[in-house]
Amino acid sequence: MTLPFIIATGDPAGIGPEISVQAAVDVGAPAVLVGDAEWLTRRLREVGVEPSEWESGELTGIGVVHAATWSDSLLRDHAPSAAGGQAQLAALDRAIDIVASGAGAALVTAPTSKEAIT
């Protein structure tokens with residue numbers, strides 16, 4: 001069984017989510033995006049990829065795992081914020097848990113805002 005790469009999508013107010021989606025599409029290996037599952041699913045579909053909801057086990061494409069909901073204002077403002085810091089830490093914590101449990105091959109992190117993490 002090939003374990004997927006687990007991608008923590010970084011700061012939703014920055015480029016992390018977009019880079020995460022593009023990396024998962026470009027890599028061609030199984031990958032799981034951890035962040036706002038609804039946003040990630042919508043974006044993957046926009047680039048022609050049908051994602052799978054994933055918790056553990058075998059995966060052949062791209063899966064999504066929900067860790068935090070990204071508000072429209074958080075995505076629109078493009079500025080470090082406490083809400084962005086909480087969202088990126090939630091995604092990172094969930095991604096770490098997945099890899100530590102043995103369900104992921106490796107942890108990949110998208111750009112984060114250290115300023116937003118309080």
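A residue counts as buried when its relative accessible area is under 20%, as exposed when that area is over 50%, and as partly exposed in between, with a 1.4 Å probe and protein chains only. Helices (H or I, at least four residues) and strands (E, at least two) are DSSP runs, numbered from the N terminus. The model is predicted, so local features need pLDDT of at least 70 and side-chain atom pairs count only at pLDDT 80 or more, while totals for chains, interfaces and linings use all residues. Residues are numbered from 1 along each chain as its sequence is written, and side-chain values use heavy atoms, with hydrogens and water left out.

Within α2, the residues Ala37, Trp39, Leu40, Thr41, Arg43 and Leu44 are buried. An α-helix has 3.6 residues a turn, so residues three or four places apart point the same way. The buried residues of α2 pack against α1, β2 (31–35), β4 and α3 (72–77), where contact means heavy atoms within 4.5 Å. At the start of α2, the backbone nitrogen of Glu38 has a side-chain oxygen of Asp36 within 3.0 Å. A polar contact is a pair of N or O atoms within 3.5 Å; within protein, one must be able to donate a hydrogen and the other to accept it, and residues adjacent in sequence count only if both atoms are side-chain atoms. Just after α2, Gly48 has a positive phi of about 85°.

The packing of α2 with α1 may now be described. Two packed helices are described by the angle between their axes and the distance between the axes. Here, α1 (residues 16–27) and α2 (residues 37–46) pack at an angle of about 55°, and their axes are 11 Å apart. The axes are lines fitted to C-alpha atoms, for helices over the stretch in contact, and angles run from 0 to 180 degrees between N-to-C directions. Angles under 35 degrees count as roughly parallel, over 145 as roughly antiparallel, 65 to 115 as roughly perpendicular and the rest as oblique; α1 and α2 are therefore oblique to each other. The crossing of α1 and α2 is right-handed, a term that applies if the near helix is turned clockwise from the far one by less than a right angle, whereas anticlockwise gives a left-handed crossing.

Which residues make the contact of α1 and α2? From α1 come Pro17, Glu18, Val21 and Val25, and from α2 come Trp39, Leu40, Arg43 and Leu44. The residues of this contact divide into six nonpolar, no polar and two charged. In this scheme Ala, Val, Leu, Ile, Met, Phe, Trp, Tyr, Cys and Pro count as nonpolar, Asp, Glu, Lys and Arg as charged, and the others, Gly among them, as polar.

Helix α1 also holds Gly16, which counts as buried at 0% relative accessibility. Leaving aside neighbours within four places in sequence, Gly16 is in contact with Thr9, Asp11, Ala110 and Pro111.

Ala8 lies in strand β1 (residues 5–8) and is buried, at 4% relative accessibility. Not counting residues up to four places away in sequence, Ala8 touches several residues, including Ser20, Val34, Ala95 and Val108. Ala8 and Leu33 are 25 residues apart along the chain, yet their C-alpha atoms are separated by 6.3 Å. Ala95 belongs to helix α4 and is buried, with a relative accessible area of 0%. Ala95 and Ile6 are 89 residues apart in sequence but 6.1 Å apart in space, C-alpha to C-alpha. Beyond neighbours within four places in sequence, Ala95 is in contact with Ile6, Ala8, Val34 and Leu107.

Glu55, in the loop between β3 (52–53) and β4 (62–66), is exposed, with a relative accessible area of 52%. Leaving aside neighbours within four places in sequence, Glu55 is in contact with Val65 and Arg94. His78, in the loop between α3 and α4 (82–100), is likewise exposed, at 57% relative accessible area. Phi of His78 is near 50°, a positive value in a residue other than glycine.
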